[in-house]
Amino acid sequence: EFEPASRVSRIKSSASVAAAARVRELKAEGRRILDLTVGEPDFDTPEHIKAAAVEAISKGETKYTSVTGTPALQKAILQTIELRSGLRYAPAEITIGGGAKQVIFTAFMASLDAGDEVVVPAPYWVSYPDMVLANEGTPVVVTCGEESGFKLTPEALAGALNERTKWVILNTPSNPTGAVYSKAELRALADVLADFPNVFVLTDEIYDQIYFGAGRISSLVEVAPELKDRVLAVNGVSKAYAMTGWRLGFAAGPAPLIAAINKLQSQISSCPSSVSQAASAAALTGDQTFVRESVEVYRSRRDAAVAALNAVDGLSCATPEGAFYAYVNCGGAIGKTTPEGKVIANDEDFTLYLLEAASVAVIQGSAYGLGPYFRISYATSLDVIEESIAAIDKAVRALS
Ligand code: PLP
C-alpha cells in the first residue's frame, strides 16, 4: 500500500482549496451558497491580454523557453519593478515560475536545510507554514494581533530572530487581513534586521496593485536599500490582471539565490507555459486601465462590506488597506448557543454555523493562525456581498 513521503505527512492541503471544494460539493447537492471564500478576482482576464496569448499561439511560440523566461517577459518584469518601486535589477536577479506560489516554494527549497527557521507573522497566507515544512524548515509563527494592525512589530521581530533564522516573511498587502506596511514600519523592521545579517526576507507583494491608499505601496528594498542582497521580492500577474489560471509569478533578489532557484526550476518544470509568458508580458507592459478600474470596484465593495459587517452586533472588522479580503473579529459570537442548541466554541464552529444557518461560506481564522476571526473575500459582486452579510446578521441574531 502506498505510504506518502514524510514531507507529505508533515503538511496540510490548502484550507482555501478545501473550502472551495466544500462549496462546490454543496452547490452540486443543489444548495444555493453565498460564497465569500474566493481568493481570486471575479473579473475575466482583459481582452488585450488574451489576444496576446492567441497571437503567441498563432506565431508558434509554443516551445520551451529558457528557464529564466522569454526575453520579452524578462524585459517586462524588469521594467515593471523599476516603474513600481524605482528599483533596478539585472536579468540575473529575477526568476519566474508557475505562479508566485511556485516561486515561493522553490525559494524555500533552494535555501532551507533541516531545522532552519522561517518567521511567519500570523495571520498568514495559509500556504507559508506548509511550504516551509515541506522543505524541512521550521515555521516560527509570530502572532500579530489586531492592536498592531495585524502587522509584525520591531519588538516581535527582534524576539523571533536567532542564529537559526533563515527567512522572515512579510506579505503586504496581506492575505487575509488587507494590512499594508507603511514606509516607517518597514524602516523600523529593517533596523532590527541590521543586527541579523544572515537573515533573508521574503516580501510577498502579489497584491501590490490592489491598494486603496494614496500613491503606491512601499517595498522593503526601496525603504532599506542596504537589504537588497537579502530580500526576495515576490510578485505575479494573478491578482492584478485577473490571471490566476495562467500561472505566472516572478521574483527579484540577489543573484546567488536566484541562480539556486533557477537551477531547481530547470529540473522541476524547465519554464512556465510559453503562452502564459506572452500573455503576462502583455499584461505588464500594456494598458493598465483594467487595474485602475478593478481597484475602484474593489474599493466600493470593501466600503460596503466593512460598513455592513461592523453594523452586525458581535462582529467587528478593521478597514483593509489593500487586497480583497476583510478579517472579521467574531469574538462576540463565541460562547453563544445556536437555535439547535450547539455551543459555538471557536471560529471554526462559527463558520460551520454560517454555512448551515445562512448558506454563507467564509474561512475560519484558525486556518490563518489567528482566532477568533473569519476571512471574507470581496472579490465577488456587491449583490452577493450585501445578501451574505444580511444573512450573517440574521444568523448572528438567532444566537443566544
Ligand atoms: N501570495 C499570497 C499572499 C496569495 O494570497 C496568493 C494567492 O492566493 C499567492 C501568493 C499565489 O499567487 P499565484 O497565483 O501567483 O501563485
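Visitor: Where is the place of L36 in the chain?
Guide: This is a predicted model, and in its numbering strand 1 covers residues 34-35 while helix 3 covers residues 47-58. L36 has its place between these two elements, in the loop between strand 1 and helix 3.

Visitor: Is L36 buried or exposed?
Guide: A residue counts as buried if 20 or more other C-beta atoms lie within 10 Å of its own. L36 has 28 other C-beta atoms within 10 Å, and therefore L36 is buried.

Visitor: How far apart are the end C-alpha atoms of helix 13, and what span should its residues give?
Guide: Helix 13 runs over residues 347-358, which makes 12 residues. At 1.5 Å a residue these should span 16 Å, which agrees with the separation of the end C-alpha atoms, 15 Å.

Visitor: Which elements do the buried residues of helix 13 pack against?
Guide: The buried residues of helix 13 are D347, F350, T351, Y353, L354, L355 and A358. An α-helix has 3.6 residues a turn, so residues three or four places apart point the same way. The buried residues of helix 13 pack against strand 11 (360-361), strand 12 (363-364), strand 13 (373-377) and helix 14 (382-397).

Visitor: Which helix gives the most to the side of domain 1 that touches domain 2?
Guide: The domain assignment gives domain 1 as 6-44 + 290-397 and domain 2 as 63-285, and their C-alpha centres lie 26 Å apart. The contact takes 34 residues from domain 1 and 32 residues from domain 2. On the side of domain 1 that touches domain 2, helix 2 (15-28), helix 12 (289-310) and strand 10 (325-329) each supply at least two residues. The element that gives the most to this side, with six residues, is helix 12.

Visitor: How do the residues of the shell around the ligand divide into nonpolar, polar and charged?
Guide: The ligand is surrounded by 13 residues, and the closest are G99, A100, K101, G236 and S238. The residues of this shell divide into three nonpolar, eight polar and two charged.

Conventions: Residues numbered from 1 in each chain as written. Predicted model: local features only at pLDDT ≥ 70, side-chain atom pairs only at ≥ 80, totals over all residues. Helix = DSSP H or I, 4+ residues; strand = E, 2+ residues; numbered from the N terminus. Expected span 1.5 Å × (residues − 1). Buried ≥ 20, exposed ≤ 12 C-beta atoms within 10 Å, placed from the backbone. Contact = placed C-beta atoms within 7 Å. Domains from an automatic or database assignment. Near = placed C-beta within 6 Å. Nonpolar A, V, L, I, M, F, W, Y, C, P; charged D, E, K, R; others polar.
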